[in-house]
Amino acid sequence: MRWWLLARLGRAVLAAWGIASLVFLGSRLLPVSPEQLSLRETDDLTYLPDGTQTLAAAQLASRQRLGLAEPVFYWTRLPGPTNQWQWHGPHNQYHHWLGQLLRGSLGTSYRDGQPVTRLLAQALIVSVPLAGGAAVLATGLALGLALYLARAARGKRRAGLRAALAALQMTPVFLVSLALLLLFANPDLLNLMPAAGRAPAAGPLAAAGYWAARAVLPLLSLVLVVLPELTLPLAAALRYELSAGYATTARAKGLPLRRVLRQHALPNAILPLFTILTELLPTLVAGTVVVEVVFALPGSGRLLAEAAATHDYPVVVGGVLLVAAVRLLGLVLADVLYFVVDPRLRPTA
(Lines give C-alpha, C1' and ligand atoms only; values in the text may rest on other atoms or scores of the structure.)
Protein backbone atom coordinates (compact mmCIF):
# COMPACT_ATOMS: atom_id res chain seq x y z
CA MET A 1 0.00 0.00 0.00
CA ARG A 2 2.81 2.43 0.90
CA TRP A 3 4.76 1.72 -2.32
CA TRP A 4 1.56 1.96 -4.34
CA LEU A 5 0.81 5.37 -2.82
CA LEU A 6 4.36 6.59 -3.47
CA ALA A 7 4.14 5.38 -7.08
CA ARG A 8 0.83 7.15 -7.57
CA LEU A 9 2.19 10.38 -6.07
CA GLY A 10 5.27 10.09 -8.27
CA ARG A 11 3.15 9.70 -11.39
CA ALA A 12 1.02 12.67 -10.28
CA VAL A 13 4.12 14.85 -9.87
CA LEU A 14 5.40 13.81 -13.32
CA ALA A 15 2.01 14.51 -14.90
CA ALA A 16 1.82 17.96 -13.24
CA TRP A 17 5.36 18.74 -14.42
CA GLY A 18 4.46 17.63 -17.97
CA ILE A 19 1.32 19.78 -18.06
CA ALA A 20 3.14 22.84 -16.71
CA SER A 21 5.98 22.30 -19.21
CA LEU A 22 3.53 22.19 -22.11
CA VAL A 23 1.89 25.42 -20.93
CA PHE A 24 5.30 27.07 -20.45
CA LEU A 25 6.57 26.09 -23.91
CA GLY A 26 3.22 26.92 -25.53
CA SER A 27 3.26 30.41 -23.99
CA ARG A 28 6.72 31.03 -25.49
CA LEU A 29 5.67 29.91 -28.98
CA LEU A 30 2.98 32.54 -29.48
CA PRO A 31 3.54 34.70 -32.57
CA VAL A 32 3.67 37.95 -30.57
CA SER A 33 6.40 38.41 -27.98
CA PRO A 34 5.18 38.53 -24.37
CA GLU A 35 6.74 41.88 -23.49
CA GLN A 36 4.62 43.58 -26.16
CA LEU A 37 1.40 42.13 -24.79
CA SER A 38 1.89 41.71 -21.08
CA LEU A 39 3.78 44.75 -19.92
CA ARG A 40 3.00 47.94 -21.72
CA GLU A 41 1.85 49.20 -25.00
CA THR A 42 4.50 49.25 -27.72
CA ASP A 43 4.45 53.03 -27.84
CA ASP A 44 5.41 53.18 -24.18
CA LEU A 45 8.59 51.26 -24.91
CA THR A 46 9.80 54.08 -27.11
CA TYR A 47 10.09 56.39 -24.14
CA LEU A 48 13.59 56.49 -22.72
CA PRO A 49 15.22 59.10 -20.45
CA ASP A 50 18.13 59.96 -22.72
CA GLY A 51 16.21 59.59 -25.91
CA THR A 52 19.04 57.80 -27.69
CA GLN A 53 17.84 54.24 -27.81
CA THR A 54 15.48 52.95 -30.40
CA LEU A 55 12.32 50.94 -29.98
CA ALA A 56 14.16 47.72 -30.84
CA ALA A 57 16.79 48.41 -28.19
CA ALA A 58 14.09 49.11 -25.62
CA GLN A 59 12.31 45.86 -26.45
CA LEU A 60 15.61 43.95 -26.24
CA ALA A 61 16.29 45.47 -22.82
CA SER A 62 12.81 44.50 -21.73
CA ARG A 63 13.29 40.91 -22.93
CA GLN A 64 16.60 40.65 -21.09
CA ARG A 65 15.03 41.98 -17.90
CA LEU A 66 12.25 39.40 -18.15
CA GLY A 67 14.63 36.57 -19.04
CA LEU A 68 13.16 36.21 -22.54
CA ALA A 69 16.32 36.99 -24.50
CA GLU A 70 17.70 33.44 -24.30
CA PRO A 71 16.43 30.54 -26.45
CA VAL A 72 13.23 28.89 -25.27
CA PHE A 73 14.45 25.28 -25.12
CA TYR A 74 17.65 23.24 -25.14
CA TRP A 75 17.76 23.15 -28.92
CA THR A 76 16.17 25.23 -31.66
CA ARG A 77 15.99 24.92 -35.40
CA LEU A 78 18.12 27.36 -37.35
CA PRO A 79 16.32 29.58 -39.86
CA GLY A 80 16.76 28.74 -43.49
CA PRO A 81 16.24 25.75 -45.75
CA THR A 82 19.03 23.68 -44.15
CA ASN A 83 16.75 22.23 -41.43
CA GLN A 84 19.62 22.22 -38.91
CA TRP A 85 19.25 22.30 -35.13
CA GLN A 86 21.39 24.20 -32.62
CA TRP A 87 22.12 22.96 -29.10
CA HIS A 88 22.09 25.69 -26.41
CA GLY A 89 22.92 23.68 -23.30
CA PRO A 90 21.59 25.04 -19.99
CA HIS A 91 21.43 28.62 -21.31
CA ASN A 92 17.73 28.58 -22.18
CA GLN A 93 14.46 29.79 -20.61
CA TYR A 94 13.07 26.32 -19.88
CA HIS A 95 16.20 25.27 -17.97
CA HIS A 96 16.07 28.39 -15.81
CA TRP A 97 12.34 27.95 -15.18
CA LEU A 98 12.84 24.29 -14.24
CA GLY A 99 15.69 25.20 -11.86
CA GLN A 100 13.51 27.82 -10.18
CA LEU A 101 10.68 25.31 -9.90
CA LEU A 102 12.93 22.75 -8.20
CA ARG A 103 13.96 25.46 -5.72
CA GLY A 104 10.30 26.21 -4.97
CA SER A 105 10.05 29.41 -7.02
CA LEU A 106 7.54 30.02 -9.81
CA GLY A 107 9.23 33.16 -11.09
CA THR A 108 8.04 36.76 -10.96
CA SER A 109 5.03 38.40 -12.49
CA TYR A 110 5.53 40.34 -15.71
CA ARG A 111 3.09 43.01 -14.58
CA ASP A 112 4.33 44.09 -11.15
CA GLY A 113 7.49 42.04 -10.56
CA GLN A 114 6.10 40.29 -7.47
CA PRO A 115 6.90 36.60 -6.87
CA VAL A 116 4.23 34.33 -8.32
CA THR A 117 4.16 32.21 -5.17
CA ARG A 118 3.28 35.29 -3.12
CA LEU A 119 0.50 36.29 -5.52
CA LEU A 120 -0.94 32.77 -5.52
CA ALA A 121 -0.72 32.51 -1.74
CA GLN A 122 -2.58 35.81 -1.32
CA ALA A 123 -5.27 34.69 -3.77
CA LEU A 124 -5.64 31.22 -2.27
CA ILE A 125 -6.61 32.76 1.07
CA VAL A 126 -9.89 33.64 -0.66
CA SER A 127 -10.26 30.75 -3.11
CA VAL A 128 -9.47 27.73 -0.91
CA PRO A 129 -12.16 28.44 1.72
CA LEU A 130 -14.61 29.26 -1.07
CA ALA A 131 -14.03 26.14 -3.17
CA GLY A 132 -13.47 23.86 -0.19
CA GLY A 133 -16.56 25.11 1.60
CA ALA A 134 -18.61 24.66 -1.57
CA ALA A 135 -17.35 21.09 -2.00
CA VAL A 136 -18.08 20.14 1.62
CA LEU A 137 -21.49 21.82 1.70
CA ALA A 138 -22.53 20.41 -1.68
CA THR A 139 -21.46 16.89 -0.65
CA GLY A 140 -23.46 17.05 2.58
CA LEU A 141 -26.53 18.40 0.80
CA ALA A 142 -26.17 15.81 -1.96
CA LEU A 143 -26.12 12.96 0.55
CA GLY A 144 -29.29 14.23 2.24
CA LEU A 145 -31.14 14.94 -0.99
CA ALA A 146 -30.12 11.62 -2.58
CA LEU A 147 -31.34 9.68 0.45
CA TYR A 148 -34.62 11.62 0.30
CA LEU A 149 -35.07 10.99 -3.43
CA ALA A 150 -34.22 7.29 -3.12
CA ARG A 151 -36.93 6.57 -0.57
CA ALA A 152 -39.60 6.64 -3.29
CA ALA A 153 -39.50 6.76 -7.04
CA ARG A 154 -42.62 8.91 -7.36
CA GLY A 155 -44.25 11.85 -5.64
CA LYS A 156 -44.87 15.49 -6.49
CA ARG A 157 -42.21 16.84 -4.15
CA ARG A 158 -39.57 14.45 -5.43
CA ALA A 159 -40.56 15.12 -9.04
CA GLY A 160 -40.32 18.86 -8.40
CA LEU A 161 -36.93 18.44 -6.72
CA ARG A 162 -35.60 16.36 -9.63
CA ALA A 163 -36.87 18.96 -12.11
CA ALA A 164 -35.21 21.76 -10.15
CA LEU A 165 -31.91 19.87 -10.01
CA ALA A 166 -32.11 19.11 -13.73
CA ALA A 167 -32.75 22.79 -14.45
CA LEU A 168 -29.77 23.78 -12.29
CA GLN A 169 -27.62 21.23 -14.08
CA MET A 170 -28.28 22.99 -17.39
CA THR A 171 -27.73 26.50 -16.01
CA PRO A 172 -24.23 27.98 -16.39
CA VAL A 173 -22.54 29.28 -13.29
CA PHE A 174 -22.42 32.88 -14.43
CA LEU A 175 -26.21 32.89 -14.86
CA VAL A 176 -26.71 31.43 -11.38
CA SER A 177 -24.32 34.02 -9.93
CA LEU A 178 -26.01 36.92 -11.71
CA ALA A 179 -29.46 35.69 -10.62
CA LEU A 180 -28.39 35.51 -6.97
CA LEU A 181 -26.70 38.90 -7.29
CA LEU A 182 -29.84 40.52 -8.71
CA LEU A 183 -32.14 38.83 -6.20
CA PHE A 184 -30.28 39.19 -2.91
CA ALA A 185 -27.83 42.06 -3.42
CA ASN A 186 -30.06 44.46 -5.27
CA PRO A 187 -31.10 47.72 -3.54
CA ASP A 188 -34.24 47.78 -5.68
CA LEU A 189 -35.33 44.26 -4.65
CA LEU A 190 -33.69 42.47 -1.72
CA ASN A 191 -30.47 44.02 -0.43
CA LEU A 192 -29.69 41.26 2.05
CA MET A 193 -26.04 40.48 1.27
CA PRO A 194 -23.07 42.73 0.42
CA ALA A 195 -21.65 42.03 -3.02
CA ALA A 196 -19.02 44.75 -3.41
CA GLY A 197 -17.07 47.36 -1.51
CA ARG A 198 -14.43 47.23 1.18
CA ALA A 199 -14.42 45.79 4.67
CA PRO A 200 -15.31 48.26 7.44
CA ALA A 201 -12.45 49.69 9.47
CA ALA A 202 -14.24 49.06 12.78
CA GLY A 203 -11.96 46.16 13.70
CA PRO A 204 -10.96 42.63 12.74
CA LEU A 205 -14.22 41.13 14.02
CA ALA A 206 -16.33 43.46 11.91
CA ALA A 207 -14.10 42.78 8.88
CA ALA A 208 -14.43 39.02 9.37
CA GLY A 209 -18.22 39.36 9.58
CA TYR A 210 -18.27 41.48 6.45
CA TRP A 211 -16.20 38.97 4.44
CA ALA A 212 -18.30 36.08 5.77
CA ALA A 213 -21.43 37.86 4.55
CA ARG A 214 -19.79 38.57 1.19
CA ALA A 215 -18.92 34.89 0.81
CA VAL A 216 -22.53 33.71 1.15
CA LEU A 217 -23.67 34.39 -2.41
CA PRO A 218 -20.46 33.13 -4.12
CA LEU A 219 -20.57 29.99 -1.97
CA LEU A 220 -24.24 29.45 -2.77
CA SER A 221 -23.52 29.89 -6.49
CA LEU A 222 -20.88 27.15 -6.47
CA VAL A 223 -23.01 24.82 -4.37
CA LEU A 224 -26.02 25.17 -6.68
CA VAL A 225 -23.85 24.50 -9.73
CA VAL A 226 -22.26 21.27 -8.48
CA LEU A 227 -25.20 19.97 -6.42
CA PRO A 228 -27.07 18.27 -9.32
CA GLU A 229 -23.90 16.52 -10.49
CA LEU A 230 -23.57 14.91 -7.07
CA THR A 231 -27.21 14.31 -6.14
CA LEU A 232 -28.79 12.78 -9.24
CA PRO A 233 -26.20 9.99 -9.87
CA LEU A 234 -26.11 9.13 -6.16
CA ALA A 235 -29.91 8.92 -5.99
CA ALA A 236 -29.96 6.64 -9.04
CA ALA A 237 -27.24 4.45 -7.51
CA LEU A 238 -29.21 4.20 -4.27
CA ARG A 239 -32.36 3.16 -6.15
CA TYR A 240 -30.32 0.51 -7.98
CA GLU A 241 -28.90 -0.83 -4.71
CA LEU A 242 -32.41 -0.99 -3.22
CA SER A 243 -33.37 -3.43 -5.98
CA ALA A 244 -30.51 -5.78 -5.06
CA GLY A 245 -31.12 -9.02 -3.21
CA TYR A 246 -29.43 -8.00 0.05
CA ALA A 247 -31.63 -4.91 0.32
CA THR A 248 -34.78 -6.95 -0.36
CA THR A 249 -33.72 -9.44 2.33
CA ALA A 250 -33.12 -6.63 4.82
CA ARG A 251 -36.54 -5.16 4.07
CA ALA A 252 -38.13 -8.64 4.43
CA LYS A 253 -36.56 -8.95 7.90
CA GLY A 254 -38.38 -5.80 8.93
CA LEU A 255 -35.56 -3.29 8.71
CA PRO A 256 -36.91 0.23 8.02
CA LEU A 257 -36.23 1.67 4.61
CA ARG A 258 -34.23 4.53 6.09
CA ARG A 259 -31.82 2.12 7.81
CA VAL A 260 -31.55 -0.05 4.70
CA LEU A 261 -30.56 3.02 2.72
CA ARG A 262 -28.01 4.36 5.21
CA GLN A 263 -26.45 1.14 6.49
CA HIS A 264 -26.58 -1.15 3.44
CA ALA A 265 -27.24 0.73 0.19
CA LEU A 266 -25.22 3.89 0.83
CA PRO A 267 -21.77 2.20 1.37
CA ASN A 268 -22.15 0.46 -2.00
CA ALA A 269 -23.60 3.44 -3.85
CA ILE A 270 -21.15 6.03 -2.53
CA LEU A 271 -18.08 4.69 -4.38
CA PRO A 272 -18.89 6.47 -7.68
CA LEU A 273 -19.36 9.68 -5.68
CA PHE A 274 -15.62 9.84 -5.00
CA THR A 275 -14.86 9.78 -8.72
CA ILE A 276 -17.54 12.41 -9.36
CA LEU A 277 -16.04 14.63 -6.65
CA THR A 278 -12.60 14.53 -8.27
CA GLU A 279 -14.14 15.17 -11.68
CA LEU A 280 -16.02 18.14 -10.24
CA LEU A 281 -12.79 19.80 -9.15
CA PRO A 282 -12.20 21.44 -12.56
CA THR A 283 -15.84 22.57 -12.49
CA LEU A 284 -15.28 24.14 -9.09
CA VAL A 285 -12.08 25.81 -10.26
CA ALA A 286 -13.76 27.15 -13.39
CA GLY A 287 -16.77 28.20 -11.35
CA THR A 288 -14.49 29.96 -8.88
CA VAL A 289 -13.03 32.01 -11.74
CA VAL A 290 -16.49 33.14 -12.82
CA VAL A 291 -17.81 33.70 -9.31
CA GLU A 292 -14.79 35.73 -8.23
CA VAL A 293 -15.14 37.93 -11.30
CA VAL A 294 -18.91 38.41 -10.84
CA PHE A 295 -18.65 39.16 -7.12
CA ALA A 296 -15.31 41.04 -7.37
CA LEU A 297 -13.46 38.72 -4.99
CA PRO A 298 -9.62 38.87 -5.05
CA GLY A 299 -9.10 35.10 -5.38
CA SER A 300 -6.98 32.81 -7.52
CA GLY A 301 -9.61 32.53 -10.23
CA ARG A 302 -9.71 36.26 -10.74
CA LEU A 303 -5.89 36.38 -10.58
CA LEU A 304 -5.56 33.74 -13.33
CA ALA A 305 -8.24 35.36 -15.48
CA GLU A 306 -6.48 38.73 -15.30
CA ALA A 307 -3.08 37.09 -15.89
CA ALA A 308 -4.38 35.28 -18.99
CA ALA A 309 -5.96 38.50 -20.31
CA THR A 310 -2.69 40.44 -19.86
CA HIS A 311 -0.41 37.54 -20.98
CA ASP A 312 1.31 37.40 -17.62
CA TYR A 313 2.70 33.93 -18.37
CA PRO A 314 4.59 33.20 -15.11
CA VAL A 315 1.34 33.63 -13.18
CA VAL A 316 -0.59 31.55 -15.74
CA VAL A 317 1.96 28.71 -15.65
CA GLY A 318 2.06 28.80 -11.85
CA GLY A 319 -1.72 28.65 -11.67
CA VAL A 320 -1.90 25.78 -14.15
CA LEU A 321 0.72 23.88 -12.19
CA LEU A 322 -1.22 24.45 -8.98
CA VAL A 323 -4.55 23.35 -10.50
CA ALA A 324 -2.98 20.28 -12.11
CA ALA A 325 -1.33 19.29 -8.84
CA VAL A 326 -4.59 19.64 -6.93
CA ARG A 327 -6.50 17.69 -9.57
CA LEU A 328 -3.98 14.84 -9.61
CA LEU A 329 -3.79 14.74 -5.83
CA GLY A 330 -7.60 14.61 -5.83
CA LEU A 331 -7.46 11.50 -8.01
CA VAL A 332 -4.98 9.90 -5.61
CA LEU A 333 -7.23 10.81 -2.69
CA ALA A 334 -10.21 9.25 -4.48
CA ASP A 335 -8.27 5.99 -4.89
CA VAL A 336 -7.32 6.00 -1.21
CA LEU A 337 -10.95 6.57 -0.23
CA TYR A 338 -11.94 3.67 -2.49
CA PHE A 339 -9.56 1.42 -0.57
CA VAL A 340 -10.81 2.66 2.79
CA VAL A 341 -14.47 2.11 1.93
CA ASP A 342 -14.00 -1.17 0.04
CA PRO A 343 -10.90 -3.17 1.16
CA ARG A 344 -11.40 -5.59 -1.75
CA LEU A 345 -10.03 -2.91 -4.08
CA ARG A 346 -6.70 -2.58 -2.25
CA PRO A 347 -3.59 -3.63 -4.22
CA THR A 348 -2.68 -6.21 -1.58
CA ALA A 349 -6.18 -7.73 -1.49
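**Close-up views of aromatic pairs and a buried threonine**

Nine aromatic pairs are present in the structure, a pair being Phe, Tyr or Trp rings (for Trp, the six-membered ring) with centres within 6.5 Å. The model is predicted: local features need pLDDT of at least 70, side-chain atom pairs count only at pLDDT 80 or more, and totals for chains, interfaces and linings use all residues. Residues are numbered from 1 along each chain as its sequence is written, and side-chain values use heavy atoms, leaving out hydrogens and water.

**View A. The pair of Tyr74 and Tyr94.** With ring centres 6.2 Å apart and planes at 75°, the pair is edge-to-face (planes over 60 degrees apart; under 30 is stacked, the rest tilted). Tyr74 lies in the loop between helix H3 (55-66) and strand E1 (75-77), and Tyr94 in helix H4 (residues 93-102), so the pair ties together parts 20 residues apart in sequence. Helices (H or I, at least four residues) and strands (E, at least two) are DSSP runs, numbered from the N terminus. Tyr74 is buried at 16% relative accessibility, and Tyr94 is buried at 5% (buried, under 20% relative accessible area; exposed, over 50%; partly exposed, in between; 1.4 Å probe, protein chains only).

**View B. The pair of Trp75 and Trp87.** The ring centres are 6.0 Å apart and the planes at 20°, so this pair is stacked. Trp75 is partly exposed at 42%, whereas Trp87 is exposed at 56%.

**View C. Surroundings of Thr231.** Thr231, in helix H9 (residues 216-242), is buried at 0% relative accessibility. Not counting residues up to four places away in sequence, Thr231 touches Ala142, Leu145, Ala146, Leu149 and Leu165 (contact: heavy atoms within 4.5 Å).
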